[in-house]
Amino acid sequence: MTQLTGVRGIGPALARQLEQAGFESAADLAAAQPRDLIVVRGIGRVTARRIIAAASAVAAPEAEQPAGEEAKGTETGEIKGKATEAAAGRAKESKAKKSKAKKAKKDKAKKSKDKKDKKDKAKKDKKAKARKSKAKKAKRAKRAKKGSKRRKRS
């Protein structure tokens, strides 16, 4: 187990699971395919690739790789770079989606407000028209009443 926990990204719990799956050393992990590691609970394709790359770095002779330094151009470095690029790309996409969603929400709110304002204006206009109509009717009624009084007098 001590050799497996020496691989970056593998803690004691994962090391136990890997040992139960038949991986005894970093060399075993380095020789494995991602599909072999995916059967272990908690390991997906990306994690499997990272573990294999890290195990390859640990399993390589120390003469080829200076202690404490991560070799550039190894699978680990390449995977790390790709993962960083992918994370940056996802972050950009996420930011763009959020911005787009925010704009859509704003537009929807504006449309809703415009629609409400239009309805309110229509109601107001209708009330004003009704008041005018009522006033006209009252005026006509008043004139008619006056006219009937005049006719009665004569």
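## Ground rules and overall make-up

Two residues are in contact here when they have heavy atoms within 4.5 Å. With that in hand, residues 24 or more positions apart account for 32% of the chain's contacts with a separation of 6 or more. This is a predicted model, where local features need pLDDT of at least 70 and side-chain atom pairs count only at pLDDT 80 or more, while totals for chains, interfaces and linings use all residues. Residues are numbered from 1 along each chain as its sequence is written, and side-chain values use heavy atoms, with hydrogens and water left out.

On secondary structure, the chain has six helices and zero strands, which reads along the sequence as α-α-α-α-α-α. Helices are DSSP runs of H or I with at least four residues, strands are runs of E with at least two, and both are numbered from the N terminus.

The predictor's confidence in each residue is its pLDDT, on a scale from 0 to 100. The chain averages 77, and 73% of the residues score at least 70. Among the helices, α2 comes out highest at a mean of 89, and helix α1 (residues 2–5) sits lowest at 75.

Then there is the stretch over residues 67–77, where pLDDT stays under 50. The model has 12 contacts beyond four places in sequence for those residues. Where pLDDT is low, the predicted coordinates should not be read in detail.

## Surface and burial

A residue is called buried under 20% relative accessible area, exposed over 50%, and partly exposed in between (1.4 Å probe, protein chains only).

The accessible surface of the chain comes to about 13,100 Å², and carbon and sulfur atoms own 53% of that. Those areas come from the Shrake-Rupley method with a 1.4 Å probe; for residues, only the protein chains shown count as cover.

## Helix α2 and what follows

Helix α2 covers residues 12–20, and its buried residues are L14, A15 and L18. Seen down the axis of α2, these buried residues fall within an arc of 105 degrees, so they line one face of the helix. That arc is taken from the directions that run from the helix axis to the C-beta atoms. On the other side of α2, P12 and Q20 are exposed.

Just after α2 comes G22, with a positive phi of about 105 degrees. S25 is buried, at a relative accessible area of 14%. Neighbours within four places in sequence aside, S25 is in contact with Q3 and L4.

## The nonpolar core

A nonpolar core is a set of buried Ala, Val, Leu, Ile, Met, Phe, Trp, Tyr and Cys residues joined through side-chain atoms within 4.5 Å. The largest one has 18 residues, and I10, L18, L29, L37 and I43 have the most contacts inside it. α2, α3 and α5 (45–59) each supply at least two residues of this core, and the largest share, five residues, comes from α5.

What does I10 touch, leaving aside neighbours within four places in sequence? I10 is in contact with L4, T5, A15, L18, L29 and I51.

A salt bridge puts a side-chain nitrogen of Lys or Arg within 4 Å of a carboxyl oxygen of Asp or Glu. A search of the whole structure finds two. D117 pairs with K113, their closest N and O atoms being 3.4 Å apart. The two are four residues apart in helix α6 (residues 75–153), so about one helical turn separates them. D117 is partly exposed at 37% relative accessibility, while K113 is exposed at 51%.

The other salt bridge joins the side chains of D125 and K121 at 3.7 Å, N to O. D125 and K121 lie in helix α6 too, four residues or about one turn apart. D125 is partly exposed at 43%, and K121 is exposed at 53%.
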